[in-house]
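Visitor: I'd like a quick walk through this one. Can we go piece by piece?

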Amino acid sequence: MDFKQLEAFSAVVSLGSFSRAGERLFLTQPTISAHIRSLERELGVQLVVRTTKEVYPSEEGKRLYAYAQKLLRLRDDAIAAVTSSAPPVGGIVTVAASSIPAQYVLPGAAAAFGRAHPDAAVRSLRCDSAAVVRQVAEGTADLGMTGTAIPSPRCVFHDLCGDELVVVTPNTERYQALPREGFPRSLLLREKFIQRETGSGTRREFERFLEEIGVPPERLKVAAEMDDPEAIKRAVSQGLGISILSRRAAADFERFGLLLAFPLEGGALGRRLYLVQRRDGRLSPAARALAEFLLGQFRDAEGGKTYGAL
């Protein structure tokens, strides 16, 4: 096993493609394939599953990927220590992100990071908040972005930026007549409700709010459960029910008059979005650069706090 094999393997897993891995490492596709085959022969296991439609790691490949990331980071640290120079900012940073950060925060931030570091690339893995923490803890993602801080002894949460949860309704005369300064709490239990999936940060925060005001979440008249904010917006706009969404997610449909967005009665329901890092994990130069870029960008915008050190 050598670093060239591990680099080729890591690039194939991160990008899900032999050709894109070759482009990233400036190698031909046959060379990438040869490195993977050689590594599989040495270890005596299949690491990468190839089908006509996709390329993905086997179970053994997933385990090796976490170790490969650590070995490559350790190599970069060793080079930096010996040469007394900072390693170059390049390579792929894998970010596991829950739906709101993945759709409405990370794309713009990744574009700005790419302009500052053209040799680095960001790979986004969208999943619910619980899975974000699990992937960061297991080392399958370098960093995470989530809408709720789920206790984990293996992760550190850095306060990234603020968010607000709002009640979204169809844009009809019935809802237009409601006070715009706050959606009546009494209506929450009378209206059909579209719920986020189990594990969603939005759902966790909303259920925490209901418990604080003495309303059991099971009293909601759930009409549907969906894991995609875009699907929820369309369902609300077509009259299936009301829902709770991030104001970031609701902004475009509200601007075009497809739905209405209300703060909850009694004041805005605010929450924080977090950057997640392994507590004992060493970050690659590119991952460290992205973490510092994100924290700096949002800290400058709203004076965010950081809990734990990078």
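What follows is a short exchange about a predicted model.

Visitor: Is Thr148 buried or exposed?
Guide: Thr148 sits in the loop between β5 (143–146) and β6 (155–170). Buried means under 20% relative accessible area, and Thr148 comes in at 2%. So Thr148 counts as buried.

Visitor: How many of the ten residues of helix α7 are buried?
Guide: The buried residues of α7 are Ser129, Ala131, Val132, Val133, Gln135, Val136 and Ala137. They pack against β3 (91–97), β4 (120–126), β5, β6, α10 (201–212) and β11 (269–278). α7 is largely enclosed by the rest of the structure, because the buried count is seven of the ten.

Visitor: Which residue caps the N-terminal end of α7?
Guide: Look for a side-chain oxygen 3.1 Å from the backbone nitrogen of Ala130. After α7 comes Gly139, with a positive phi near 85 degrees, but the N-terminal cap is Asp128.

Visitor: Are α11 and α12 parallel or oblique to each other?
Guide: The axes of α11 (residues 229–237) and α12 (residues 247–255) come within 10 Å and cross at roughly 40 degrees. Angles under 35 degrees would count as roughly parallel. α11 passes α12 in a right-handed crossing, and the pair is therefore oblique.

Conventions: Residues numbered from 1 in each chain as written. Predicted model: local features only at pLDDT ≥ 70, side-chain atom pairs only at ≥ 80, totals over all residues. Heavy atoms only, no water. Helix = DSSP H or I, 4+ residues; strand = E, 2+ residues; numbered from the N terminus. Buried < 20%, exposed > 50% of the residue type's maximum accessible area, 1.4 Å probe, protein only. Contact = heavy atoms within 4.5 Å. Polar contact = N/O pair within 3.5 Å; in protein donor to acceptor, adjacent residues only side chain to side chain. Axes fitted to C-alpha atoms, helices over the stretch in contact; angles between N-to-C directions. Parallel < 35°, antiparallel > 145°, perpendicular 65-115°, else oblique. Left-handed = near helix turned anticlockwise from the far one by under 90°.
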